[in-house]
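Please have the sequence and the structure open, and I will begin with a single residue before widening the view.

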Amino acid sequence: MEPLNALVSVSNFMLIPALAYGSQLALGALGITLIFSILRFAHFAHGDTMALGTVAVIGGTWFLQAQGISIAPLPTALLAIPFGILVLGLYLLAADRLVYRYYRRVKAKPMIFVMASLGVMFVTNGITRLFLGVGETRFEDGQRFIFTVREFREFTGLAEGLALRSAQAITIVTALVVMVVLFWFLNRTRAGKSMRAYSDNEDLALLSGINPERVVFITWVITAILLVLAGTLYGLDKGFRPFNYFQLLLPMFAAAILGGLGSPLGAIVGAYVVAFAEMGITFAWRRVFSYLAPDGFEPTTMMQLLPVDYKFAVTFAILVIVLLFRPTGIFKGKVL
Amino acid sequence: MSLTARDLGLFAIMFAVLALVATFQSPQLAVTILNMSLISAIMALGVNMQWGYAGLFNVGIMGFTAVGGLAVVLIAQPPVPEAWAAGGLGVLLGLMLGVATILAAVLVYKRMAPGKLRGLSIFAVLVLGYVITSRVFGPATQAVQAVNPASEGYLGGAGLPVILAWPVGAVFAAGVAWLVGKVSLGLRSDYLAIATLGISEIVIAVLKHERWLARGVNNVTGIERPVVRPVDLQPLPWVQSLAETMGWSVSQAASVVSGLGYSALFLIVLAILIWLAERALNSPWGRMMRAIRDNEVSARAMGKDVTRRHLMIFVLGSAVCGLAGAMMVSMDGQLTPGSYEPLRFTFLIWVMVIVGGSGNNWGSVLGAFVIWFLWVQVEPAGRWLMEMLTSGMSLESELRRHLLDSAAYMRLLTMGLALLLMLRFAPRGLIPER
C-alpha cells in the first residue's frame, strides 16, 4: 500500500495531461458555444480554422527565431500569438463578410449556415496544407520541463516520478486567465452585455439599439483569440498536425453540448469532463492499482478499459448519453 | 423520367469530356473516373434522399461506406478454420455478452424507479458485464490474431459470392444508421450532424483496431472480384484484336475491358436505384417527405409522425451509402481502413449533392460526375499551374519545391470554393429540384 506513489503516478500519466487537454478543449468549446449563441449555427470549420491560426503562429515563431528573438525559458510561440490572432481574426471576418453575412441577410435556415461552414472548412483546410503540408510540425522551444521525472524523484525520494512540461503548465495557466477575462468581458462590459442580450432575444436586442453587425464582429474576434490560443497551446503540447485539429471537432462539440450549447460555463465544465473521461477510460491503471492493492493482489492485466484508439468512442458515448437523457446539457443550454 | 433537354445536354457534355480524357490522356483513366463517378453517384443519391427529400444533415457518410466495405470482407473472403478453432466461439460469445450487458442495463433503466438505486444498479450491471465480457473476449481475439498473423490473423468471411456482399453492406449500414438515428433524431437538426460525425470516426477506429474482424490496418487484400481480372483477359484473342484496332497495348485493352465490366454492373445498380428513388419521390410518400422537409410543424399538425419518417429516410439513405461502399471495396479488391478520410468520403459527397442540385436525383448523379472529374483532374492542373508560376525561380529554390509539393492540396481549396460559390449563387444546383 503506497497511496502517495499511486497519486504521483496517476497525476503524471493522467491528471496533468487531462487537465492540459481539457483546458485546450475548453478554449475551443467556448468558441463553438459563442458562435452558436450569437450566429446560431454549428461551426464545422472550427477545427480547421484553429489549425490555420496555429499555422500563422508557427510562421511568426519561425520568423522570430530567424531574427534571434526569444523569450527563453518560455516558448517563442507565445510571442507570435498576437500575430496569429491578427491573421485569423482577419480571415474569420473575411469569411463572415464573403460567406455568412449573405445568409444572415436572407435569414437562411441554420443548416445552410452549417453547409457554408463546410465550404469554409474545405478552403481553410486547403490553405493550411498549402503552407505546412499534412505532416507533423513541432514548434516548441525554450525550456521543455519545469521539473523532470528525475528531479522530482531526487527531491521527494518517491519511487514514482512526476514531470511537469512547460507546455502543460502554460496551457493550464493561460486557459484559466482567458476564462476569467472572458467572463469579466461578458458580464461586466457594455459589448459583452450586448452580446448576451443579442443571444437571449435577437428582436429585443435590435429594438434596444444594439447593432447586430457589431455583435457579430466582436464574436468573430473573440473566437479568433480563443482559437489561436487553443491551437497554439495544443500544438505546443502535442505537435501540430492538421488532421488532429480537424478531429478535435468532435470532442469540442461534445463538450459544448454536454455543458449546454450557448452556455460558456457549461462549455468549460463539459470540456474537462470530456478530457478526463477520454483519458481515464483509455488509461492503463495497472501501475496505480499495483500501489494501492494489498500485497499479493496486484493486478495482472493492464487494467485499461478501452484501447487508446477508441478515445473518440468515449467522447461519442458521452454525447449519446447526453442526447438521450438531457439534450439541453448540464447547464440547460437555452436552445432546443 | 423528368429530364429536360438542358439536363440531357449537361450529361452529354460530361460524357464528351470523359471521351476527351480517353483520347488525350488515357482510356484507363477515363474508365477509372467513370467507375468512381458511378459509385460516388450512388453515395450522392443516398445523401440526397436524406438531405434533398427530408432535410437531414448526415456528415458520417464515411462511416456508412466503410461498414458497407466491411460486409465485402465478411461475405466474400474464405473463412479461416484455424482461427475459428482458436477463438471463433469465444469472439462470438464475447460479442453476445457485450450486447447482453447493454440490454440488461437498458432493462434495469426501464424497470426500476428513478433514483440513486437505479443509477447504482446500472453501474453495477455495466461493470460486471464489462469484466465478464473482457474475460471471454480478450483471450479469444488474442488467439484469433495469433493464427498466421502475416497473412491471416482474422476470422475470415463466409466464402460466399461477392455480389451478395452488396445488399449485405446496405443492411449493415442501415443497422448502424438506425442506432444513430434513434438517438439523435427528434432533437435539434445540428445534433444529427454531430452524432454522425462521431459514429463515422468510431466505425473507422473499430475497423483499424479490431484485427480479428478484418485485419485492421494490415488490410485485407485479394478479395474475390465480381468481374474478370485484366490478367485473365489478356490471353483472350478478342481482347488482343481490340487492342490492335484501337492501337492500345494488350494490358491497356484488358484493363479497359475489365473496368467497363464494373461500369456495367454499377450502371445497373444505379439505374435500379434511380428508378426506385424517382418512383418514391413522386409517390404520396415522397410528397409527404417533402412536406415534412418544408414545414415540419404543419406536417405534424396533419398527423405525420415526423421523427419516425426521419428515421426511416435516414436509414434508407445510409443503406444506399453502405451499398456504394461495398461496391467500391469489391472494385478495389481490398479493404484498407487507413484510406478512409472524412474529407474524401464525407465532405466531397456533400459537394457533389450541393453542386448537382439537392432534391433532384439526376442532379446528384451529375454532381458526382462533375465533382469526381474535378477531384481527379485538379491535382495535375494545380501542379501545372504551380510549375507555370514558379518557372521563373531557380531549380533549387526552397519556395519552388514547397509550392510544387503542396500542389496536391489545391483540390481541397477548389472543392471548397465550388461548394461556397454554388451555395451562394446557384443554391438549387446544376439540375434544380422541380
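This is a predicted model: local features need pLDDT of at least 70, side-chain atom pairs count only at pLDDT 80 or more; totals for chains, interfaces and linings use all residues.

Let me start with A:Lys107, which counts as exposed because 7 C-beta neighbours fall inside 10 Å, and a residue is called exposed when that number is 12 or fewer. A:Lys107 sits in the loop between helix 3 (77-105) and helix 4 (110-132) of chain A, and its phi is near 50 degrees, a positive value in a residue other than glycine. As background, most residues other than glycine have a negative phi.

Is B:Arg215 buried or exposed? With 25 C-beta neighbours inside 10 Å, B:Arg215 counts as buried, the threshold for that class being 20 or more. The residue is found in the loop between helix 8 (211-214) and helix 9 (230-233) of chain B.

Turning now to chain A as a whole, we find 14 helices and 2 strands. The chain has 336 residues, for which a compact globule would have a radius of gyration near 20 Å, and the 21 Å of chain A agrees with that. Along the principal axes, the C-alpha atoms of chain A fill a box of roughly 70 × 55 × 40 Å, and 46% of the 336 residues count as buried. If we take the contacts in chain A with a separation of 6 or more, residues 24 or more positions apart account for 75% of them.

A:Leu7, in helix 1 (residues 3-39) of chain A, is 285 residues away from A:Leu292 in sequence, while their C-alpha atoms are 9.5 Å apart in space. A:Leu7 is partly exposed, with 17 other C-beta atoms within 10 Å. The second pair involves A:Pro327, which lies in the segment after helix 14 (311-325) of chain A, and here A:Ile257 is 70 residues away in sequence and 7.8 Å away in space, C-alpha to C-alpha. A:Pro327 is likewise partly exposed, with 18 other C-beta atoms within 10 Å.

Chain B, for its part, has 18 helices and 0 strands. Its radius of gyration is 24 Å, close to the 22 Å that the globule rule gives for 434 residues, so chain B is as compact as a globular protein of that length. The C-alpha trace of chain B spans about 75 × 60 × 50 Å along its principal axes, and 45% of its 434 residues count as buried. Among contacts in chain B between residues at least 6 apart in sequence, 80% join residues at least 24 apart.

Chain B is also divided into domain 1, covering 5-79 + 156-425, and domain 2, covering 80-155. The centres of these two domains of chain B, taken over C-alpha atoms, are separated by 34 Å. Between them, 7 residues of domain 1 are in contact with 11 residues of domain 2, and the side belonging to domain 1 divides into 4 nonpolar, 1 polar and 2 charged residues.

The axes of helix 2 (residues 27-53) and helix 14 (residues 306-332) of chain B come within 8 Å and cross at roughly 170 degrees. Angles over 145 degrees count as roughly antiparallel, and these two helices of chain B are therefore roughly antiparallel to each other. The residues of this contact divide into 17 nonpolar, 5 polar and no charged. Helix 2 of chain B contributes residues including B:Asn35, B:Ile39 and B:Tyr53, and those they meet in helix 14 of chain B include B:Phe314, B:Gly317 and B:Met331.

Finally, how many residues of chain B are in contact with chain A? The count is 37 residues of chain B, touching 37 residues of chain A. On the side of chain B, the elements giving two or more residues are helix 6 (165-184), helix 7 (189-209), helix 15 (342-356) and helix 18 (410-425). Helix 7 of chain B gives the most, with 14 residues. By class, this side of chain B has 24 nonpolar, 7 polar and 6 charged residues.

Terms used
Residues are numbered from 1 along each chain as its sequence is written. Chains are lettered from A and ligands numbered from 1 in the order in which they are written. Axes are lines fitted to C-alpha atoms, for helices over the stretch in contact, and angles run from 0 to 180 degrees between N-to-C directions. Helices (H or I, at least four residues) and strands (E, at least two) are DSSP runs, numbered from the N terminus. Angles under 35 degrees count as roughly parallel, over 145 as roughly antiparallel, 65 to 115 as roughly perpendicular and the rest as oblique. Two residues are in contact if their C-beta atoms, placed from the backbone, lie within 7 Å. Ala, Val, Leu, Ile, Met, Phe, Trp, Tyr, Cys and Pro count as nonpolar, Asp, Glu, Lys and Arg as charged, and the others, Gly among them, as polar. Domain bounds come from an automatic or database domain assignment. The radius of gyration is taken over C-alpha atoms; the globule rule is 2.2 Å times the number of residues to the power 0.38.
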